[in-house]
Amino acid sequence: MTDVTSSKSSRRPHHWRHDLIELAALFTAVVVADTIAKTIVKGPDGPYLLVFSAIALVATAGFHTWWARRHSHAPPTTRTSTPPAILASGQPSDRDATEDGSAPAPGAIETVLWRMRTTVDDTPGSLAALCAALARLGVDILTLQTHPLTEGTVDEFLLRAPAGLSSAEIAHEIGTAGGRDTWTERADTHDLVDTPTHVLGLATRTALDAAELPLALRQLLGRCTLHSVPAVSLTGRPTGEQAPVEGVLEETVMKLRDPRGGTLLIERPYLPFTPTEFARARALVELDARLGPRVPHVQDVLTLPEGNEITVRRADQRDLPAARAMHERCSARTLNLRYHGPVGDADRYLDHLLSPRFGRTLAVQTASGRLVALGHLLWDGDETEVALLVEDDWQRRGIGSELLGRLVAMAEEAGCDSVYAVTQASNTGMVAAMRALNLPLDYQIEEGTLVITARLDSAPRRSERAQRQARQSER
């Protein structure tokens with residue numbers, strides 16, 4: 001809003017003395033001009049005096065102009081500016097305009113983002129005390145959520161703070177203002193999305209893909225560990241794990257009934273869950289239950305070097321008969337390299353592996369519809385595992401590398417920091433496929449078992465993933 005001075009305050013009082021002085025000066029100038037004119041006409045040095053008079057007149061005019069500008073009585077120039085944003089304490093934010101109305105230079109004040117959660121008494125003024133404490137530190141509050149408890153309230157903030165301010169200093173100041181059990185962690189620009197928009201996005205992802213539910217729960221609840229405990233073990237025995245329909249909330253443990261049987265166990269040891277978080281998580285699980293089995297109907301048709309066409313698509317438990325038929329065509333050595341155990345137990349793992357609760361599965365089928373390869377991206381607590389199985393007659397054709405590249409791209413999209421593969425040291429095909437990813441690899445060998453971990457924080461890999469996605473979208 002433009003700051004305009006009112007007409008009454010901008011007018012200066014009129015002084016009659018100024019008019020009298022200007023009139024006297026004009027009269028004097030006329031007399032002097034008349035005297036000079038007579039002298040020039042009668043004197044012998046008339047032309048010289050005329051030139052001198054002209055020079056004196058010019059110098060006097062210049063002096064008068066300089067003096068008028070320096071001692072002008074004109075009102076000051078009004079400046080258009082936007083009032084700075086005010087924090088809860090009434091102090092300007094470090095992101096606002098400077099005193100002269102101009103924007104601060106980029107990078108003039110370096111700031112960082114923090115997520116903070118603290119518990120306060122549910123009394124009038126408790127939130128205001130927290131805001132005032134943050135303002136004293138020069139911290140800007142970007143978003144705020146409240147989680148009501150039986151006793152007290154959990155307030156969750158997204159903060160923009162000076163870069164030199166530590167989390168310990170923030171926690172100490174919050175403690176003096178009445179906050180307790182304060183927890184802070186660094187945030188990034190992705191946290192700037194408001195909570196309703198964030199929750200709607202997670203619900204949309206869950207509605208489109210059943211395998212997104214574990215990831216959606218992780219993103220909803222922050223850093224937590226999620227395990228899917230089946231109601232029946234691989235050997236067919238009941239596990240006794242079946243949460244009630246309404247779920248269970250126990251401080252840092254949340255148990256939700258899995259619509260497909262069993263229990264979704266969510267743990268967060270460093271921070272208790274609130275009833276609000278429990279209600280949101282239960283709503284996502286109920287949405288998944290109502291929609292039933294579903295995977296995105298997306299498939300890519302590829303041509304192998306020898307000319308055969310294959311189709312790569314998502315798979316789920318509806319592909320169980322075709323996967324068992326592929327097992328029957330695989331050799332004992334191929335199954336042993338994949339499952340690291342008795343070959344007769346291989347079929348028991350399929351129902352588990354094809355379940356969207358444990359990850360995502362890619363299937364490769366021929367033009368006749370026969371399933372010849374499976375690739376799994378498995379959620380293992382906080383970690384992510386990749387696994388491949390290619391039928392003997394279709395090995396050494398690049399199918400494994402194609403599946404592995406797609407699985408790693410999916411893991412990267414899901415925000416995973418790394419993926420690992422468990423195989424045997426003699427499985428040269430899997431080792432070569434991992435090396436072909438062009439990612440930093442870590443190797444661990446123990447009693448013939450080889451664990452290869454690939455770190456996904458590589459910029460070249462992200463570029464390759466973007467290019468592959470562009471090629472797929474053009475098909």
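## Cavity lining

In this predicted model, the lining of the largest cavity has five nonpolar, three polar and three charged residues. Here Ala, Val, Leu, Ile, Met, Phe, Trp, Tyr, Cys and Pro count as nonpolar, Asp, Glu, Lys and Arg as charged, and the others, Gly among them, as polar. The lining includes Arg 314, Ala 315, Asp 316, Gly 359, Arg 360 and Thr 361. Lining residues have an atom within 4 Å of a cavity point, and a cavity is a set of points on a 1 Å grid over the protein atoms alone where a 1.4 Å probe fits but cannot get out.

At least two lining residues each come from strand 10 (309–315) and strand 11 (359–366). Strand 11 gives the most, with three residues. The largest cavity holds about 40 Å³ of space, and the structure has one cavity of 30 Å³ or more. Grid points are joined across faces, edges and corners, and a volume is the space filled by probe spheres set on the points.

Arg 115 lies in strand 1 (residues 111–120). Its side chain makes a polar contact with the side chain of Glu 156 at 3.0 Å; such a contact is a pair of N or O atoms within 3.5 Å, and within protein one must be able to donate a hydrogen and the other to accept it, while residues adjacent in sequence count only if both atoms are side-chain atoms. Leaving out residues up to four places away in sequence, Arg 115 touches Glu 156 and Trp 183, among others. Contact means heavy atoms within 4.5 Å.

Arg 180 is in strand 4 (residues 180–186). Arg 180 is partly exposed because its relative accessible area is 34%, where buried means under 20%, exposed over 50%, and partly exposed in between (1.4 Å probe, protein chains only).

## Chain totals

The protein chain has 14 helices and 16 strands, taken as DSSP runs (helices H or I, at least four residues; strands E, at least two) numbered from the N terminus. Buried residues make up 37% of its 475 residues.

## Basis

Residues are numbered from 1 along each chain as its sequence is written, and side-chain values use heavy atoms, with hydrogens and water left out. Local features need pLDDT of at least 70 and side-chain atom pairs pLDDT 80 or more, while totals for chains, interfaces and linings use all residues.

Conventions:
1 Å grid on protein atoms, 1.4 Å probe; cavity = no way out; pocket = protein on both sides within 12 Å on 5 of 7 lines; lining within 4 Å.
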